[in-house]
Amino acid sequence: MQTERLPAEWFLKDIVPLYRGIILDIFGVLHDGVTVFEPVYETLSKLRAGGMRVCLLSNSPRRAAVVSERLSELGLGSDLYDGLISSGEMVHAALAGKIQIAGLPTGQRYLHAGPSDLAGLLDGLALKRVAAPAEADFILATGEIEPGTLSLEEAGKLGLPMVCANPDLEVIIAGQRIVCAGALAIRYEAIGGTVIRIGKPELPGYVAALRVLDLPASEVVAIGDSFATDIAGASGAGIASALALTGIHRDELLRDGLLDVERLATLCGEHRSVPGYILRQFSWT
C-alpha cells in the first residue's frame with residue numbers, strides 16, 4: 001500500500017467536530033485491563049459535556065452489566081456513555097432467542113472452552129453445561145482452554161459447532177499478552193470445525209451500537225486498538241475509524257516514539273482496512 005494513502009496522526013479534539021457519535025472499544029483504549037489510561041476520564045467528560053453520544057462496544061465474553069460494574073470500579077461510571085454492548089451479552093441474548101445470529105446452534109447442551117471464571121456466561125438460560133464432547137450439542141468458547149479440559153480434535157470429529165464469545169485473538173492486560181477465544185476458534189477451523197463468531201468484527205454489534213446512538217453510520221466514528229476487529233469491523237459496517245496506539249499494535253507501530261509508516265502500511269494491506277485516523281491515545285490533545 002502506498003504511504004501517501006495512509007492516515008495521519010490526529011488529536012481527538014480535531015476529529016470530534018466531524019461526528020455526532022463514537023463507538024468506543026474498551027481494552028487497549030480506555031484501560032489496560034488493570035489501570036485506566038490517564039487522559040481517559042477527562043476526555044470522556046469533555047465529550048459528554050459537548051453532547052457527543054458514546055456507545056462502548058467490547059469483545060469481552062462477559063455480560064454487559066459485569067463489564068459496566070468493572071468500569072465503575074475503575075472510576076468510569078455509566079454517566080460517561082450512553083450504552084455498553086459486550087460480545088458476551090450478545091451471545092447470551094442470541095442463545096436466549098432475543099436476537100438473530102446466522103448459523104447459531106439449536107441444541108441445549110454445551111461444552112465450555114475457556115477460563116473457569118467465564119463458565120457462567122449462559123447462566124439463567126434453559127441450557128445445560130456438560131463435561132464431555134459426546135454429551136454436547138455445541139461448544140461455547142470464551143478463552144484459551146485450561147489444560148486437560150477439552151480435546152478440540154474429539155469435538156471436531158463429533159462435528160460440534162463452536163460459538164466464539166470473544167473473536168479477539170489476544171488482549172494485553174497490564175503489559176502481558178493473553179490469548180483469547182478468537183485464537184481458539186482459528187485452531188478449531190484449522191481441523192475442520194465450524195465456528196460462529198459473535199462480536200467485532202461481525203456486523204451485528206455495530207448495528208446494535210448505531211441503534212444505541214440513534215445515529216446513521218455516516219455520523220459516527222469507531223475508535224479501537226485492533227486492526228483485526230475494530231478497524232476491519234468498522235470498515236465492514238461503513239463506519240469511519242480511528243486506530244489508538246495504546247493497545248495491541250503499540251509496540252510494532254511505535255518505534256523510538258515515532259510512527260512506523262512501513263509497518264502501518266503492511267497492517268493495512270494484511271487486513272484490507274485503512275483507519276481514517278491515527279490516535280497516539282484516547283485523549284483530547
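## Lining of the largest cavity

In this predicted model, the lining residues of the largest cavity comprise eight nonpolar, two polar and three charged. Here Ala, Val, Leu, Ile, Met, Phe, Trp, Tyr, Cys and Pro count as nonpolar, Asp, Glu, Lys and Arg as charged, and the others, Gly among them, as polar. The lining has 13 residues, and Lys200, Tyr206, Ala222, Ile223 and Asp230 lie nearest the cavity centre.

At least two lining residues come from each of strand E1 (21-24), strand E11 (220-224), helix H8 (227-236) and strand E12 (240-244). E11 gives the most, with three residues. Helices (H or I, at least four residues) and strands (E, at least two) are DSSP runs, numbered from the N terminus.

## Cavity count and volume

The count is one cavity of 30 Å³ or more, and the largest cavity has a volume of about 70 Å³. A cavity is a set of points, on a 1 Å grid over the protein atoms alone, where a 1.4 Å probe fits but cannot get out; lining residues have an atom within 4 Å of a point. Grid points are joined across faces, edges and corners, and a volume is the space filled by probe spheres set on the points.

## Ala181

Ala181 lies in helix H6 (residues 181-190). Ala181 counts as buried because its relative accessibility is 0%, the limit being under 20% relative accessible area (1.4 Å probe, protein chains only).

Leaving aside residues up to four places away in sequence, Ala181 touches Ala141, Thr142, Gly143, Cys164, Asn166 and Asp168; contact means heavy atoms within 4.5 Å.

## Basis

Residues are numbered from 1 along each chain as its sequence is written, and side-chain values use heavy atoms, with hydrogens and water left out. Local features need pLDDT of at least 70, side-chain atom pairs count only at pLDDT 80 or more, and totals for chains, interfaces and linings use all residues.

Methods
Buried means under 20% relative accessible area, exposed over 50%, partly exposed in between (1.4 Å probe, protein chains only). On a 1 Å grid over the protein atoms alone, a cavity is a set of points where a 1.4 Å probe fits but cannot get out, and a pocket is an open set with protein on both sides within 12 Å along at least five of seven lines; lining residues have an atom within 4 Å of a point.
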